[in-house]
Amino acid sequence: MRRKRIDEDAGWRAPDPKRDGDPDRQFSRRAFRLTGLRLLRWQRWIAIMLLLIVAYLMSNPPDASKPAPATDLDPAGRVESWALTEQWLAKGALGADARIVSWNGQSHATVSDGSKDMTLSVNTLIVDSAAGWWRVRTTVTPDGRLSGWPSVERLGLAGADDRGDTGMWKDTLGQLTASDMLDTTVRKWADAFMGSDSDMLTVLVNDPDPNAWYRAQGLGKVTAATIDGGAYLDKGNVDRNERRSDRAALRATVTVAHADAGDGSAAQSQYSYDLLVADPDGTPRILAWGAPGTGATLREHGNRAPGARPAHDASSDTSAGTGTGGAAK
């Protein structure tokens with residue numbers, strides 16, 4: 001009596017299978033009243049589906065992951081083709097001073113002598129000689145001998161002075177007209193960068209990091225530094241109405257006179273750079289530089305020399321030049 005009274009007081013009554021029926025059916029009926037789903041029926045179907053999936057996976061196991069094929073960096077025939085081609089070039093086949101510049105890959109060919117097949121490696125090499133540049137294809141047998149003789153094709157390479165018009169940069173705000181102040185800034189940067197004064201170059205960049213430094217190249221004396229084009233970039237403080245900003249990209253050509261060429265004259269070379277400039281219409285500063293075409297993507301102060309400046313900087317050696325832009329000795 002006491003147990004029954006406690007249960008009734010708590011609002012709970014122990015299930016009686018004889019009176020209430022199967023507890024699972026009770027749960028199913030209650031779930032149906034609450035959700036509208038006949039849970040017992042769905043339980044059976046779910047169990048059947050799981051059994052079918054397990055049976056399918058056991059009879060059709062998934063393929064084990066296959067490792068990616070490794071790249072053969074030294075295929076059979078590469079070394080043999082290089083050595084055999086060098087021996088062939090030594091006989092003057094492509095003129096004087098012929099040398100292999102690179103091995104540019106390999107393909108294969110299958111031949112037959114009527115009784116058996118043989119796979120040959122066809123190797124492509126690039127050769128430079130007094131007679132020009134060449135693409136040489138050397139076919140090598142499996143036992144490391146030449147099949148026939150090398151075949152050659154002349155490469156129609158443009159000369160170093162044949163510069164193409166590659167345009168400037170995409171997605172700029174507007175074209176920039178270089179001021180006298182901008183011309184002067186570019187010339188000072190060129191003198192310091194191509195010369196031997198790393199301290200001057202560091203001062204010109206005016207990096208906010210007090211430990212940053214920039215390395216001069218020590219190539220010689222700058223005879224000219226010209227701005228070939230410029231554009232305002234869509235970064236920094238932007239005025240879209242005027243299509244201007246306080247960041248600009250410039251294309252500059254720098255001409256450097258090298259050491260004495262031996263006949264009393266100084267050889268000259270030209271270099272091209274894209275420059276990232278701050279405040280191009282006010283007091284401009286060179287923030288970064290890179291290869292032609294990179295002007296719009298240059299990162300400010302991205303040319304910092306790594307680490308701390310060494311006690312002896314080779315670019316400041318008097319043997320590399322004298323002063324900013326001093327001629328190399």
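Hi everyone, let's start at Trp 189: leaving aside residues up to four places away in sequence, Trp 189 touches Leu 201, Leu 204, Val 254, Tyr 273, Leu 275, Ile 286 and Trp 289. Keep in mind that this is a predicted model.

Where does that tryptophan belong? Trp 189 sits in the largest nonpolar core, which has 26 residues. Together with Leu 201, Leu 275 and Trp 289, Trp 189 is among those with the most contacts inside that core. Which elements build it? At least two residues each come from the helices α6 (180-194) and α7 (198-205), and from the strands β6 (221-232), β9 (247-260), β10 (266-278) and β11 (285-290). The top contributor is α6, giving seven residues. Apart from this core lies another one, of nine residues, including Ala 231, Leu 233, Leu 276 and Ala 278.

Now, please look at the sheet. In general, strands of a sheet pair through backbone hydrogen bonds, either parallel or antiparallel. Here we have an open sheet of four strands, in the order β1-β2-β3-β4, and the pairing is antiparallel. Which strands are at the edges? Those are β1 (99-112) and β4 (151-154), each of them pairing on one side only. From one strand to the next, the twist averages 20°.

Let's zoom in on one pair. Strand β3, residues 132-140, is joined to β4 by four bridges. If you want to find one of these partners on screen, go to Arg 135, whose bridge partner in β4 is Glu 153.

Last stop: helix α5, residues 78-89, packs on this sheet and touches β1, β2 (117-129), β3 and β4. The direction of α5 makes about 115° with that of β1.

Note on methods. Residues numbered from 1 in each chain as written. Predicted model: local features only at pLDDT ≥ 70, side-chain atom pairs only at ≥ 80, totals over all residues. Heavy atoms only, no water. Pairing = 2+ DSSP bridges. Axes fitted to C-alpha atoms, helices over the stretch in contact; angles between N-to-C directions. Contact = heavy atoms within 4.5 Å. Core = buried A, V, L, I, M, F, W, Y, C linked by side-chain atoms within 4.5 Å. Buried < 20%, exposed > 50% of the residue type's maximum accessible area, 1.4 Å probe, protein only.
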